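Good morning, and thank you for joining this meeting. Please look at the sequence and the structure as I bring them up.

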Amino acid sequence: MPVVDHLNTTLRKLPTWVFYVVGAVYPAWLLYQGLTGGLGVDPVKVLEHEMGERALQLVILGLAVSPLRRFTGLNLMKFRRAIGVLTFFYVLLHLLVWLVLDVQILSQVWADILKRPYITIGMVGFVILLPLAVTSNNWSIRKLGPKWRTLHRGAYAAAILGGIHYVMVAKGFQLEPLIYLAIIVGLLAVRAIGSGRSLLRKSVHG
């Protein structure tokens, strides 16, 4: 496909640091908007929501990298690590906005984690992502060897928890969080089917 080939050629020339810069500029711009009254009457809630939703969108983009290459030929593999790192960065910002700007009281934070299931689920997802972010470097890949891949499969569980967290945060029936969760589940199913077929081919030809 000429369009996809052109896109892949363009992406190969694009340095990875551009992705990080764009990812860092967006939260800074939102913060500026909040400080100057551009986020409405409750800028903290807007910041919290924006960071969380963008994190979920990055989760979906990360899960879509392999299916996109398999079914459309679009190759985003070069940016997969950057997508993962920025996902954690946005999740961390989402958490910090809640901790520092929203709740602010440490005892209340702990009480909310224990008493509110959607916060508990969100925190579990964050804890799963933490070692993945720490080991997203070449040294860790060499040091951990095959264990690195096993560790980073935790991203799938974190993705599901993130989708469930969003559904539970929404008040009443809202379609958008359900769509996010459905896309995450669907992409994980596609990946599982693809992995199963690969293992079957290896066993047949092995």
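Leucine 86 touches Phe19, Tyr20, Gly23 and Leu58, leaving out residues up to four places away in sequence; contact here means heavy atoms within 4.5 Å. This is a predicted model, in which local features need pLDDT of at least 70 and side-chain atom pairs count only at pLDDT 80 or more, while totals for chains, interfaces and linings use all residues. Residues are numbered from 1 along each chain as its sequence is written, and side-chain values use heavy atoms, with hydrogens and water left out.

Leucine 86 lies in helix α4 (residues 80–103); helices are DSSP runs of H or I with at least four residues, numbered from the N terminus. Is leucine 86 buried or exposed? Its relative accessible area is 5%, so leucine 86 is buried. The term buried means under 20% relative accessible area and exposed means over 50%, with partly exposed in between, using a 1.4 Å probe and protein chains only. Alanine 55 is 31 residues from leucine 86 in sequence, and the two are 7.8 Å apart in space, C-alpha to C-alpha.

I turn now to the nonpolar cores. A nonpolar core is a set of buried Ala, Val, Leu, Ile, Met, Phe, Trp, Tyr and Cys residues joined through side-chain atoms within 4.5 Å. The largest such core has 28 residues, and Trp98 and Leu129 have the most contacts inside it. Two or more residues come from each of α1 (2–13), α3, α4, α5 and α6 (117–134), and α4 gives the most, with 9 residues. A second, separate core of 11 residues includes Leu56, Ala159, Tyr180 and Ile184.

Which residues does tryptophan 98 contact, apart from neighbours within four places in sequence? They are Glu48, Val103, Gln104, Val109, Asp112, Ile113 and Ile119. Aspartate 112, in helix α5 (residues 106–115), is in turn in contact with Trp98, Val103 and Ile119, with the neighbours within four places in sequence again set aside. Aspartate 112 counts as buried because its relative accessibility is 8%.

Finally, I come to a pair of helices. His49, Glu53, Leu56, Val59 and Leu63 in α3 meet Tyr156, Ala159, Gly162, Gly163 and Tyr166 in α9. The residues of this contact divide into 6 nonpolar, 3 polar and 1 charged; Ala, Val, Leu, Ile, Met, Phe, Trp, Tyr, Cys and Pro count as nonpolar, Asp, Glu, Lys and Arg as charged, and the others, Gly among them, as polar.
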